[in-house]
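Subject: Structure handover

Hello,

Here is the structure for your files. My notes on it follow below.

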Amino acid sequence: VRASSVAWHYKDCDEEYGLFKAKELVHQLALSMGNLPCQVCQGDKAVEVISLPAGKGLMVGSYCDKSSYSSVLCMTGSPDESLFVDAPSMA
């Protein structure tokens with residue numbers, strides 16, 4: 001558990017069963033968390049619930065605001081794109 005997200009990884013499960021349960025989990029989370037400020041993402045053998053107010057892009061932006069950088073390289077291996085959407089334009 002991280003401060004801004006919770007992830008369920010199923011890389012060690014039977015592939016077909018893991019995918020079935022992941023889809024079921026995404027569906028249930030979407031139903032139960034639809035009105036909350038979070039995003040449910042399904043990636044490469046992982047399901048992640050991400051808090052929108054504390055996303056990675058906002059963190060990058062806050063670090064960039066505190067210091068002066070000529071450029072910032074943003075990379076992610078997670079299933080969401082918030083790092084790129086919320087990052088400053090110079091990143």
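Two strands are taken as paired if DSSP finds at least two bridges between them; strands (E, at least two residues) and helices (H or I, at least four) are DSSP runs, numbered from the N terminus. This is a predicted model, in which local features need pLDDT of at least 70 and side-chain atom pairs count only at pLDDT 80 or more, while totals for chains, interfaces and linings use all residues. Residues are numbered from 1 along each chain as its sequence is written, and side-chain values use heavy atoms, with hydrogens and water left out.

Sheet and helices

The chain has three helices and three strands, arranged along the sequence as β-α-β-β-α-α. The three strands make an open, antiparallel sheet in the order 1-3-2. Strand 1 (5–9) and strand 2 (38–43) are at the edges with a single partner strand each, so one side of each has no neighbour in the sheet. From one strand to the next the twist averages 10° (axes are lines fitted to C-alpha atoms, for helices over the stretch in contact; angles run from 0 to 180 degrees between N-to-C directions).

Strand 1 and strand 3 (residues 46–51) run antiparallel and are joined by five bridges. Within strand 3, I50 is the residue opposite S5. Helix 1 (residues 15–32) lies across strand 1, strand 2 and strand 3, at about 165° to strand 2.

Core and contacts

Of the 91 residues in the chain, 27% are buried (under 20% relative accessible area; exposed is over 50%, partly exposed in between; 1.4 Å probe, protein chains only). The largest nonpolar core consists of seven residues: Y10, A22, V26, L29, C38, V47 and V49. Such a core is a set of buried Ala, Val, Leu, Ile, Met, Phe, Trp, Tyr and Cys residues joined through side-chain atoms within 4.5 Å. Helix 1 and strand 3 are the elements that give two or more residues to this core, and helix 1 has the largest share, with three.

V49 touches S4, S5, V6, L29, M33, C38, Q39 and V40, leaving aside residues up to four places away in sequence; contact means heavy atoms within 4.5 Å.

Cysteines

There are zero disulfides in the structure (a disulfide being a pair of cysteine sulfur atoms within 2.5 Å). C38 is in no disulfide, and the nearest cysteine sulfur, that of C41, is 9.6 Å away. C38 counts as buried because its relative accessibility is 19%, whereas C13, at 36%, counts as partly exposed.

Regards
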